[in-house]
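Hi,

Here is the structure I promised to pass on. Have a look at it first, then read my notes below.

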Amino acid sequence: MKQQAESPVIILFSIFAFIILFLFYLFSLNPILPTGDAGELITASYLLGIAHPPGYPLYTELGKLFTFLPFGNIGYRVSLIPCFFSILTLILIYLITRILTIKNSIFPLIAVLFLGVSYSFYFQTIIGKFYPVNALIVLLLVLIGIKVIDSGFEKRYAYLSAFLLGILTGLHHTALLMTVPLFIVGLFYFKAFIRSLPLSLLFFFLGFLINLHIYIRNIKDAFLAIRKAKETPYFIDILLRKFYKEGESLQVVTSTLSTFEGFQNAITNFLYMIDANFGYVTMVFFVMGFFYLYRKSRRILLFLSISFLMFSLVLAKITFAGEIKDNEGSLYIVGNQYFIPAFCLYVIFMTAGIYFFVEKIKKLIFLYKTIPLFFIVLPLIFIPMRFSQTGQSNNWVLYYYSKGLLSTLPVSSVLTTYGDNKSFGVWYIKLVGRYRDDVCHLVVFRYEATKWNMEGCKPEVLYKDFYSEFYRNDIQTLVNKKLYYSTIGLSEIHPYFKSFDTIAYGLVYVYFPKSKITEKDRKFVNELNIKAEKFITPYYCLNHGTDDPLTFSVCRFVSIAYLNIASSIEPNLKFGTFALDTTIRYGNTHEPFRVNINIGKENEHYMELYEKIRKYNAREKAFLFP
Amino acid sequence: MPEKKLSYSLKPILLLLIFIVTALLTRQFFYQQKHIKEANASIGFEKIKAFERVILNHFPLSPYSSNAVYELLKECEGFSEIDEKLYCYETLRSSLIQIKSFYQPYDDTIKKINPKIAQLRTESMILWKDNNLTNEDFERIYIAQLALLNYNNAPSQLWSVITVFSLIGWISAIIFVIMKGFTKNQNRRYVLIGMLIYLVFFLFWLCGIYFA
């Protein structure tokens, strides 16, 4: 296929568009600590450790490289990775679409802009996660596939694909779905493909060696997000995600793909994501893209269609086959991030369709010239909207939440946390920022677990002096000294429920011996609560300017702290009462939360803050709210 | 498709680098300026937090960073309550540690405030009634707290640098071997040279992740 010489105006315009997108991402980045896995990924990068299974060694080492940048803070520097990789991904989108549409580079720009401002792609770019890196390698494999179909089989492309797939084992395993379409391309050139297999396997193995990072850092006792107590998990268990039991990589693929159950949900959920990101109307052009590619090259059509199928419906069947019930779990964790490669392929088809359509109306000169411009301008309109509604540039919520949590604790106390946001935020602030490193921070992976991850209490030799009781497994003495705190309140299924009672304090709970809470203890907690106020930062929960539901969730915990403070103040003159009888959700566990507050002049300010934070952080404000 | 010869030109790469560095520094400057304004307009803990954000948006030779460090030190001295003073010093120390890159900016300030933090933590522990500690325990706790503060949990800088650059090295070497060595006419020289480079980088990488 022959490429026409590009017009300098179009080249300049394209460069300008990439600059705009880069600045758009850069100024939208989270300033320090995004919600979700980011805190853990930043910590693992800084400590050259191992993140949650499958460990993400490639991202961790890239992260370490970025921590050497001499500006900003470590959290922000690691968050620059997706920003740069998203731009590189868009450049690949540009190149692929340019190969497919041939004549004019204004069409590739349509694909770049549509994807660049789409909600999921933008959101994943600014929250410090590895999905843009995944997308880049997937698109590199797509480009290789197209190149092979276009210019004939060359064994070096087979080797390169195999090597990149090997490297991909050091990232999110969903990207390995590219093996299927690449294998099909190989079948087009059967003999040469078979001959290239032995060396391809060797290069795959060489790429796979990146996982030695996990093996070596694990035996070196470096930071490991899933280490329980002092256990050293097996390398293969980390790699195959056996930690997650039912979520183990191979098992999850074989079990979900062996039935058609939930397939309808998978389709519905995926279509919902397409609508949220691009609008249903773009599906017309997506379908046209199939027609265009059918005429252009059936092999390319088959290759791209299978790639799209793998990253859309097959992946949705594996990960997204349940009903959409809420906006915090499935949509943001699965829907947003896993389907980035599918969205990349979607805009490629869509742009091919627009090109096909525009070519069909060639005789209508005005429309022929204005329609591509319309599709260039249309996504640009979304830039200010995304920036003001989704951008993270003012989102200090998790940072100040985690800092507030540690600040309210007495010196050399024990804090246990459960849940990604709470645990990863504290990991960052304590292990990277070394803030309040006197506190021994323990993490549990299940609500009812008592086998802790002790990364926040290492090295033992330095902490043992302060926590001799703890190392003797004597929690009772720590509780008696009022030095045991947790973000987990106790419910009946918790093993500590029979031994301890809790009182909510600021952002945590203080533990007391069972049925021995005295009036003096209550007074003590009330005093603590009033003192805790100065360490909590409500400002960012009223000003973060993002529609990230995990940020909303953190802020709702901040709002509860104000209820705790208000409940500790008995007003001289009562205006009214406030009663809350609800449950706090920990995964599948619901822990009861009850509070009765007498409202008066002395504490009405806290009640107002509670109301304001709840209102500003209402679940319904999230972009993907169903 | 005919293969295009790559024209290697340093000029666009240099321009791109200049643009990226300028954009990154502009962002830092913009946010430092924003937070320094907030700091000047606030009092108490809010002032501390605003200066903290100035430091967290640090860039080399920034006058705002040194100003924020100076102001924070001054503010910390002004607090009389132990918990407030501790919050202030811990905030300063943590924000400085978070801007560490291949070097630690304001290292002398961290060294200066570590003993103060250790002292405040020790006093706080003694004042916590249920700890049953007395002033006689001061020295022992102070030493233990100072050891904790002086402990560096980060992996070795040198081995970390070797690790990440060796990783880039061995990945690039393999790509070089594949793309240059396995063309239609296999070029054994490139394969051999590439594999040797790969081995060197790979060994460095293994040493790096082990010793870091």
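**The disulfides**

In chain B, Cys76(B) and Cys88(B) are joined by a disulfide, with 2.0 Å from S to S (a disulfide here is a pair of cysteine sulfur atoms within 2.5 Å). Cys76(B) sits in helix α3 (residues 63-78) and Cys88(B) in helix α4 (residues 82-98), 12 residues apart. Helices are DSSP runs of H or I with at least four residues, strands are E runs of at least two, and both are numbered from the N terminus. The torsion about this S-S bond is -85°, which is left-handed. Both Cys76(B) and Cys88(B) are buried, meaning under 20% relative accessible area (1.4 Å probe, protein chains only).

Before you go on: this is a predicted model, where local features need pLDDT of at least 70, side-chain atom pairs need 80 or more, and totals for chains, interfaces and linings use all residues. Residues are numbered from 1 along each chain as its sequence is written, chains are lettered from A and ligands numbered from 1 in the order written, and side-chain values use heavy atoms, without hydrogens and water.

How many disulfides are there over all chains? The search finds 3. One of them joins Cys440(A) to Cys457(A), and both of these cysteines are buried. Another links Cys541(A) to Cys555(A), at 2.2 Å from S to S; its torsion is about -90°, so this one is left-handed.

Finally, chain B as a whole: it has 8 helices and 0 strands.

Cheers

Definitions and conventions: Buried means under 20% relative accessible area, exposed over 50%, partly exposed in between (1.4 Å probe, protein chains only).
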